[in-house]
Amino acid sequence: MTRHHPDSLTLMEYSAGNLTEPHALCIRLHLDQCPHCCSRVDTLDSLGAVMMEHQPKADVSESMFDRILSRIDSDVEKNDVVRRDVHRMSPLQKLLGEDLDSLPWKRQLGDVSVLDISERFPGQSEQVVLQKLAAGGKAPAHTHRGEETTIVLQGAFADQKGVFNQWDFVVLNDQDEHKPVAVGCEDCITLSVLSAPVKLTGTFTRMLNPFIR
Amino acid sequence: MSTLEQKPARAEGRKDPWSQMLEKVGKNQDRQAYHALFEHFGPQIKYYAMANGLASHAEELVQEVFVSIWRRSCLYDWRKAAASTWIFTIARNQRIDMLRKMKRTSAEMQVETEDLWQIPGDNEDEPVTSLHRLMSERRIRESLSHLPEEQITVIAKVYMENKSHQMVADELDIPLGTVKSRVRLALNKLKVILQDQNV
Ligand SMILES: [Zn+2]
């Protein structure tokens, strides 16, 4: 069970459909493993429904309904053909395949490897990065400029704020400086969405988070 | 609140009329019920499209949403969401989808909108557990009537105009912190935040 959850304001932006795709992906991956946050999102979705009901209404014509009927009549897909198969595969698998270890990782420093997957999200301005910290490995201390949203995909890491396990969700900003360590016997892999480039404070110049904040 | 949630809500009478109609569409392809849903939700969805910058595509969005309601109605499970919540999530997803498709080709969309934003009940593995799902709409409707207008305004802009908290702050010319605290106060009343503490 995860211990670190998105805050309510972020979940509300998600429920409203206002998050960018990479941010929504981080939330989705967390929700898939966190019944607690799912129920918070259920409540927020209901809030959306009630807000929609509270707003003014805009007239719709009967002819529009006729057009809808003719669409469903000419529908080749039968009602019961709509099944959930499409959703069987996790969005992570769709994006990255089954095996995270076989991705074309780029070694950065001793224990840290990275893979920039920003181009998988065309039209988004954020940087989307996978990072791997070798089991037992340490990342150098770092801080960030802007905000960084991270979800743990595999393994766990620890810093002065605590231990972050698989599917834990964490947001960091320029106030946070840390020195993460991969704990447990697995490599720790994270997915991070960066709203701005990482601030380079130390001797390490091209370093990225969350191992490098 | 908790005593409300603990009451069993299985009785047919607890189902709101829209959820009953949506079930009829799902089970019997009932076109009369479908038409009633269109008359009730169509104008809401059209306004939703107009409010969030899809004015020239408002009717198109309503059509897409209703075609989607028809196709998916067999998956609707009233125990997982009230009809209005289910329909809101479909409208939200169709809006996102429409905006995504305007910006890029389908080949560029590796991940579908519904991989990122789920419709309640789509995940079969998800257990039908909490009665609070059923109660939540009723509870929200009640709580909302006690919220100060300034909190409702902020929430409406987030949901209906799809503005980020920052954009709402800019528009109302108030600090971002004020926007966030209004939302927090409201979510607190609506028990979304209280749930945070029960982890
Ligand atoms: Zn959670």
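How many salt bridges are there between chain A and chain B? The count is 8, where a salt bridge is a side-chain nitrogen of Lys or Arg within 4 Å of a carboxyl oxygen of Asp or Glu.

## Before we start

This is a predicted model, so local features need pLDDT of at least 70 and side-chain atom pairs count only at pLDDT 80 or more, while totals for chains, interfaces and linings use all residues. Residues are numbered from 1 along each chain as its sequence is written, chains are lettered from A and ligands numbered from 1 in the order in which they are written, and side-chain values use heavy atoms, with hydrogens and water left out.

## Where the two chains meet

Chain A brings 64 residues to the contact and chain B brings 80 (contact means heavy atoms within 4.5 Å). About 7200 Å² is buried between them, with carbon and sulfur atoms giving 59% of that; buried area is the accessible area (1.4 Å probe) that two parts lose on being put together, summed over both.

## Salt bridges across the gap

Across the whole structure, over all chains, you'll find 21 salt bridges. Take Asp45(A) and Arg92(B): their closest N and O atoms sit 3.2 Å apart. Asp45(A) is in helix H3 of chain A and Arg92(B) is in helix H5 (residues 83-103) of chain B, so this pair joins two chains. Helices here are DSSP runs (H or I, at least four residues), numbered from the N terminus.

Another salt bridge links Lys94(A) with Asp115(B), at 2.8 Å between the closest N and O atoms. As for the side of chain A that touches chain B, H3(A) gives the most to it, with 16 residues.

## A helix pair up close

Now look at helix H1 (residues 8-16) of chain A and helix H8 (residues 149-160) of chain B, which pack at about 45° with axes 8 Å apart. Axes are lines fitted to C-alpha atoms over the stretch in contact, and angles run from 0 to 180 degrees between N-to-C directions. H1(A) and H8(B) are therefore oblique to each other: angles under 35 degrees count as roughly parallel, over 145 as roughly antiparallel, 65 to 115 as roughly perpendicular and the rest as oblique.

On the H1(A) side, Met12(A), Glu13(A), Ser15(A) and Ala16(A) meet Ile155(B), Val158(B) and Tyr159(B) of H8(B).
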